[in-house]
Amino acid sequence: MKRSLMLCMMLSAMVSTSAMANADLAKAKNCMACHAVANKVLGPAYKDVAAKYTGQKDAEDKLVGKVLKGGSGAWGAVPMPANPQVSEAEARTLVKWIMAQK
């Protein structure tokens with residue numbers, strides 16, 4: 001019983017650290033200048049992005065492309081600029097974190 005409890009605590013700590021690390025990555029790559037988790041800033045809230053794309057087979061690839069190359073029209077008139085400072089691996093990490101924000 002104690003082992004199970006310790007294992008659960010360790011796994012929980014690793015998951016929350018991973019989630020925090022991805023929020024830190026979003027801050028480091030300047031994503032949070034235009035986005036927030038729960039509310040619209042200049043761009044949509046991450047929870048709204050997750051809600052819109054949940055269930056779409058190609059959502060991760062589509063969003064990775066938008067992070068890297070930018071996009072327009074999906075959320076109104078304000079375009080999202082390309083982000084050359086973000087690698088594809090970082091974009092995938094960010095998108096997975098965003099999709100978990102629902």
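**View 1. The salt bridge between lysine 29 and glutamate 90.** The side chains of lysine 29 and glutamate 90 meet in a salt bridge, with 3.3 Å from N to O; a salt bridge here is a side-chain nitrogen of Lys or Arg within 4 Å of a carboxyl oxygen of Asp or Glu. The pair links distant parts of the chain, 61 residues apart, since lysine 29 sits in the loop between helix H1 (2-28) and helix H2 (46-53), whereas glutamate 90 belongs to helix H4 (residues 88-99). Helices are DSSP runs of H or I with at least four residues, strands are runs of E with at least two, and both are numbered from the N terminus. Lysine 29 counts as buried because its relative accessibility is 16%, while glutamate 90, with a relative accessible area of 23%, is partly exposed. Buried means under 20% relative accessible area, exposed means over 50%, and partly exposed lies in between, with a 1.4 Å probe and protein chains only. The model is predicted, so that local features need pLDDT of at least 70 and side-chain atom pairs count only at pLDDT 80 or more, while totals for chains, interfaces and linings use all residues. Residues are numbered from 1 along each chain as its sequence is written, and side-chain values use heavy atoms, with hydrogens and water left out.

**View 2. Arginine 92 and its salt-bridge partners.** The side chain of arginine 92 meets that of aspartate 61 in a salt bridge of 2.9 Å, N to O. This pair again links distant parts of the chain, with arginine 92 in helix H4 and aspartate 61 in helix H3 (residues 59-69), 31 residues apart. Arginine 92 counts as partly exposed, at 25% relative accessibility. The side chains of glutamate 88 and arginine 92 also meet in a salt bridge, at 3.4 Å from N to O, and here both residues lie in helix H4, 4 residues apart, which is about one turn of the helix. Glutamate 88 is partly exposed, with a relative accessible area of 45%. Salt bridges that share partners join Glu60, Asp61, Glu88, Arg92 and Lys96 into one network, and the structure as a whole holds 6 salt bridges.

**View 3. The largest pocket and its lining.** About 640 Å³ of space lies in the largest pocket, and of the 33 residues that line this pocket, the closest to its centre are His35, Gly43, Pro44, Trp75 and Met80. A pocket is an open set of points on a 1 Å grid over the protein atoms alone, where a 1.4 Å probe fits and protein lies on both sides within 12 Å along at least five of seven lines; lining residues have an atom within 4 Å of a point. The volume is the space filled by probe spheres set on the grid points, which are joined across faces, edges and corners. H2, H3 and H4 each supply at least two residues of the lining, and the largest share, 4 residues, comes from H2. By class, the lining has 20 nonpolar, 9 polar and 4 charged residues, where Ala, Val, Leu, Ile, Met, Phe, Trp, Tyr, Cys and Pro count as nonpolar, Asp, Glu, Lys and Arg as charged, and the others, Gly among them, as polar.

**View 4. Asparagine 30 in the loop between H1 and H2.** Asparagine 30 has its place in the loop between H1 and H2 and counts as exposed, at 55% relative accessibility. Phi of asparagine 30 is near 70°, a positive value in a residue other than glycine. Asparagine 30 and glutamine 85 are 55 residues apart in sequence, and their C-alpha atoms are 9.4 Å apart in space.

**View 5. Lysine 69 in helix H3.** Lysine 69 has its place in helix H3 and is exposed, with a relative accessible area of 69%.

View 6. The secondary structure comes to 4 helices and 0 strands, and of the 102 residues of the chain, 28% count as buried.
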